[in-house]
Amino acid sequence: MNLLNLESVSKAFDIRPLLDNVSLGVNEGERIGIVGRNGGGKSTLLKIMASTLEPDEGRVAKSNAVRIGILSQTDTAAMGATVREVVLGDIPVHQWASNSRIREVLAGLFGGHSDDLLDRDFHSLSGGERRRVNLAKLLVDDLELILLDEPTNHLDVEGVAWLASHLRSRNNLSVVVITHDRWFLDEISDQIWEVVDGKVLSYEGGYSAFVLSKAERSRQSSVEDGKRNMLIRKELAWLRRGAPARTAKPKFRIEAANTLIANEPPPRNEAELLNFAANRLGNTVYELHQASISAGELELLDSIYWNIGPGDRIGIVGVNGAGKTTLIRALTGEHKLGAGKLVTGVTVKPAFLSQHLEELDPKWRVLEAVEKVAMRVELGNGKELSASQLCERLGFNKDQQWTPVGDLSGGERRRLQLTRLLMDSPNVLLLDEPTNDFDVETLTALEDLLDSFGGTLLVISHDRYFLERVCDTFVGLTGDKSLRDLPRGIEEYLELRRGSQINKPKAEIKKVATILEQKAAKKELARIEKQLERRVARISEIEAELTQTGNDYEKLATLTNELDSLKAEHAELEEQWLEANIS
């Protein structure tokens, strides 16, 4: 069944057209991923589909019965609203507590459904918590189509894997999603829309199939697109030879790519990079000996041994609050060890990209901010880039390099921060969530740049595709104060996390579930009984007033109407009380 159509839709802001005569449709059960440059019109397209933004020309046609929900990049709720009110509305506790989908969503996004969580004020939550709340509201509602704008922001690797699994299990739910998370796109999408130059180009399959189609087109494109085509072919070569090629990718028939990548070298020359890194760093980078790391009174890691060598490219994954950022800060000396010893190589020159943006003079131009660090940067093996060339590699074209820093968006400031770090020629890069607010094209360019980095690389990220693309080995923090090697990568980490929950005694799980249900039922019964008491008391008051009213017919009529209404409410509450007792 067709759910929604855009017919000859155009939309412009100021004089810049974002959508130009776009026609497309969404059918029942389709899963569509949207990619494209930041500011290119992706969110505008989604808002027009949701009818929260009107097109300048054309129209949006919807099936009469279709129910649509949208997750925008701004998470809002009424003032004073609790998590319970936003997600569950006025659904009685005994109803939602026995609903398997609602319980699954609350467990998947919040780890449970305690009163401490549900009674929190929405506006007291962090940005990431608000996003999860609004996402939960969409997933528990009975909708036919959900439109998601960056749903994986603020979700960790485990949360993203859960969301992908949940959406795959909802066969009748149509999904249109904007995301820079390419692993997520590959997991859930059967179609990709690319928003480019006001048009929307459609590709069958997930992200990997999209890369394959782009590479095929690149063979026939003009020479002026050679740089972009090289990145596409390089990414395709990684898909063929890298870690994802060893896992099931049903939407991506890799055999079809063989002729395209037969002569393509690996994304990185590992032997050359290792040799260059050893020359820059020597044998020692960082060593932790029986180290303990705490945050205040909370011990995060205990008795850690970790040896980080020259040329290592390590991805760090872990549950929120396990100490990933604190571990990185301990390596750079920004956070003191609680116990143990840190050995740092004498030639180590680190650069740390944190989640907090560096304060820069808002009057500086982008290029000026980069040139204040250095005019040229050495990449290794005789290769170097000017400040302007590096800016261009990370998405600042010639015109944008003259933009005042104060006019940059959050994502653009983050790109500028990364550019300045790279210009300082570090030999150790420590990146904490480097992909936040980056579009897919910029991520591809960053990966290409890191492929030539001849040093040691440590990356914390919830972006699984990025981690697997730029890192060779992985370690995990599972919340038990240990640091685990993960020979099989992120999939092994997810198995460990699933195992830590699955291996709890079944009887204990059943007992906990029963206690929760009983607690919810008792709370609901208490609520109904209070309301019954109020109705009974008021009914008695009115009956007493009626005997004393005399011939005041207007008052008699008012009291009689109120009495009839109260008795009807009383009867309905008695039915709810009986239903709650039976369940």
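Modeller: Gly 476 stands opposite Arg 484 in S20. The model is a predicted one, in which local features need pLDDT of at least 70 and side-chain atom pairs count only at pLDDT 80 or more, whereas totals for chains, interfaces and linings use all residues. Residues are numbered from 1 along each chain as its sequence is written, and side-chain values use heavy atoms, with hydrogens and water left out.

Strand S19 (residues 473–477) and S20 are antiparallel and are joined by two bridges. Two strands are taken to pair if DSSP finds at least two bridges between them. Strands (E, at least two residues) and helices (H or I, at least four residues) are DSSP runs, numbered from the N terminus. S19 and S20 belong to an open sheet of six strands, ordered S14-S17-S18-S12-S19-S20, with mixed pairing. The edges are held by strand S14 (350–353) and strand S20 (484–485); each has a single partner strand, so one side of each is left without a neighbour in the sheet. Strands of a sheet pair through backbone hydrogen bonds, either parallel or antiparallel.

S10 pairs with strand S11 (residues 298–308) in the antiparallel sense, over seven bridges, and Tyr 286 stands opposite Ile 308 in S11. The hairpin of S10 and S11 has two residues between the strands, and in this hairpin Gly 296 takes a positive phi near 65 degrees. S10 also pairs with strand S13 (residues 339–344), again in the antiparallel sense, over five bridges. In that pairing, His 289 stands opposite Lys 341 in S13.

Most residues other than glycine have a negative phi, and most peptide bonds are trans. Asn 21, a residue other than glycine, has a positive phi near 55 degrees and is found in strand S2 (residues 16–27). With a relative accessible area of 46%, Asn 21 is partly exposed; buried means under 20% relative accessible area, exposed over 50%, and partly exposed in between (1.4 Å probe, protein chains only). Ser 425, although not a glycine, has a positive phi of about 55 degrees. Ser 425 is placed in the loop between H16 and strand S17 (428–432), and S17 is one of the strands of the six-stranded sheet. The relative accessible area of Ser 425 is 25%, so this residue counts as partly exposed.

H16 (residues 410–423) has 14 residues and reaches 20 Å from its first C-alpha to its last, close to the 20 Å expected; the expected span is 1.5 Å times one less than the number of residues. H16 is mostly covered, with eleven of its 14 residues buried. The buried residues include Arg 414, Arg 415, Leu 418 and Met 423. Arg 415 lies over the face of Phe 396, at 4.7 Å from the ring centre. Such a charge sits over a ring if NZ of Lys or CZ of Arg is within 6 Å of the ring centre and within 35 degrees of the ring normal. The charged end of Lys 11 likewise sits over the ring of Phe 13, 5.5 Å from its centre.

The structure holds three aromatic pairs. Among them, Tyr 203 and Phe 210 are edge-to-face, at 4.9 Å centre to centre and 85 degrees between the planes. Rings of Phe, Tyr and Trp (its six-membered ring) pair if their centres lie within 6.5 Å; planes under 30 degrees apart count as stacked, over 60 as edge-to-face and the rest as tilted. Tyr 203 counts as buried because its relative accessibility is 3%, and Phe 210 because its value is 6%. The rings of Tyr 207 and Tyr 465 have centres 5.5 Å apart and planes at 90 degrees, so this pair is edge-to-face. The pair links distant parts of the chain, with Tyr 207 in helix H9 (residues 207–218) and Tyr 465 in helix H18 (residues 464–470), 258 residues apart. Both Tyr 207 and Tyr 465 are buried. Tyr 203, Tyr 207, Phe 210 and Tyr 465 form one aromatic cluster.

For the whole chain, there are 21 helices and 20 strands, and 49% of the 583 residues count as buried.
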